[in-house]
Amino acid sequence: GFGVSAQVVRAHQPALANALPLPLPGHVMQEDARGRHYFFEGTLADARTFYTQEMRKRGYVLVEDNTNGALASALRFQRRHEVAVVQMQGATELDLTRINLLAMSE
């Protein structure tokens with residue numbers, strides 16, 4: 001048998017992303033068509049906890065959690081027709097986490 005699957009991906013919407021929380025302390029590195037890129041001065045575990053709690057407060061539901069060991073995680077949240085994907089990459093031996101935040105409307 002042969003199977004094919006496809007997923008329609010909407011473009012990142014900066015105005016929507018600006019309404020989403022960023023953990024402190026940290027700083028935004030850049031924002032482009034692939035999302036908002038942010039460095040958080042904390043651990044990956046702290047970033048995951050922050051997003052799980054803060055997004056829930058804003059009415060988002062966690063619909064997908066892909067964690068790959070202690071240094072990589074991707075969380076997908078949804079609220080009505082809005083989708084937010086938070087990709088996190090930790091640094092070994094440092095409390096520094098790179099966060100890529102993509103926000104789009106379906």
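Mentor: Let us begin with Arg 80, which is found in the loop between β4 (72-79) and β5 (82-90). Helices (H or I, at least four residues) and strands (E, at least two) are DSSP runs, numbered from the N terminus. The model is predicted, so local features need pLDDT of at least 70 and side-chain atom pairs count only at pLDDT 80 or more, while totals for chains, interfaces and linings use all residues. Residues are numbered from 1 along each chain as its sequence is written, and side-chain values use heavy atoms, with hydrogens and water left out.

Trainee: What is the phi of Arg 80, and is Arg 80 buried or exposed?

Mentor: Buried means under 20% relative accessible area, exposed over 50%, and partly exposed in between (1.4 Å probe, protein chains only). Arg 80 counts as exposed, at 64% relative accessibility. Its phi is positive, about 50°, although Arg 80 is not a glycine.

Trainee: In what order do the strands form the sheet?

Mentor: Two strands pair if DSSP finds at least two bridges between them. Here six strands form an open sheet in the order β1-β2-β6-β5-β4-β3, with antiparallel pairing. Because β1 and β3 (61-67) stand at the edges with a single partner strand each, one side of each is left without a neighbour in the sheet. From one strand to the next, the twist averages 15°. Axes are lines fitted to C-alpha atoms, for helices over the stretch in contact, and angles run from 0 to 180 degrees between N-to-C directions. The antiparallel pairing of β3 and β4 comprises six bridges; Val 61 has Gln 78 in β4 as its bridge partner.

Trainee: Which strands does helix α2 lie across?

Mentor: Helix α2 (residues 44-57) lies across β2 (35-40), β3, β4, β5 and β6 (97-105), and runs at about 5° to β4.

Trainee: How many residues does the largest nonpolar core have?

Mentor: A nonpolar core is a set of buried Ala, Val, Leu, Ile, Met, Phe, Trp, Tyr and Cys residues joined through side-chain atoms within 4.5 Å. The largest one has 18 residues, and Tyr 51, Phe 77 and Ile 99 are among those with the most contacts inside it. The largest share, four residues, comes from α2. Contact means heavy atoms within 4.5 Å. Leaving aside neighbours within four places in sequence, the contacts of Tyr 51 include Pro 21, Phe 77, Val 86 and Ile 99.

Trainee: Which side chain does His 12 join through a polar contact?

Mentor: A polar contact is a pair of N or O atoms within 3.5 Å; within protein, one must be able to donate a hydrogen and the other to accept it, and residues adjacent in sequence count only if both atoms are side-chain atoms. His 12 is found in the segment before α1 and counts as buried, at 9% relative accessibility. A polar contact of 2.9 Å joins its side chain to that of Glu 31. A polar atom of the His 12 side chain also lies 3.2 Å from the backbone nitrogen of Ala 103.

Trainee: With which residue does Glu 31 form a salt bridge?

Mentor: A salt bridge is a side-chain nitrogen of Lys or Arg within 4 Å of a carboxyl oxygen of Asp or Glu. Glu 31 forms one with Arg 36, the closest N and O atoms being 3.7 Å apart. Glu 31 is partly exposed, at 32% relative accessible area, whereas Arg 36 is buried, at 12%.
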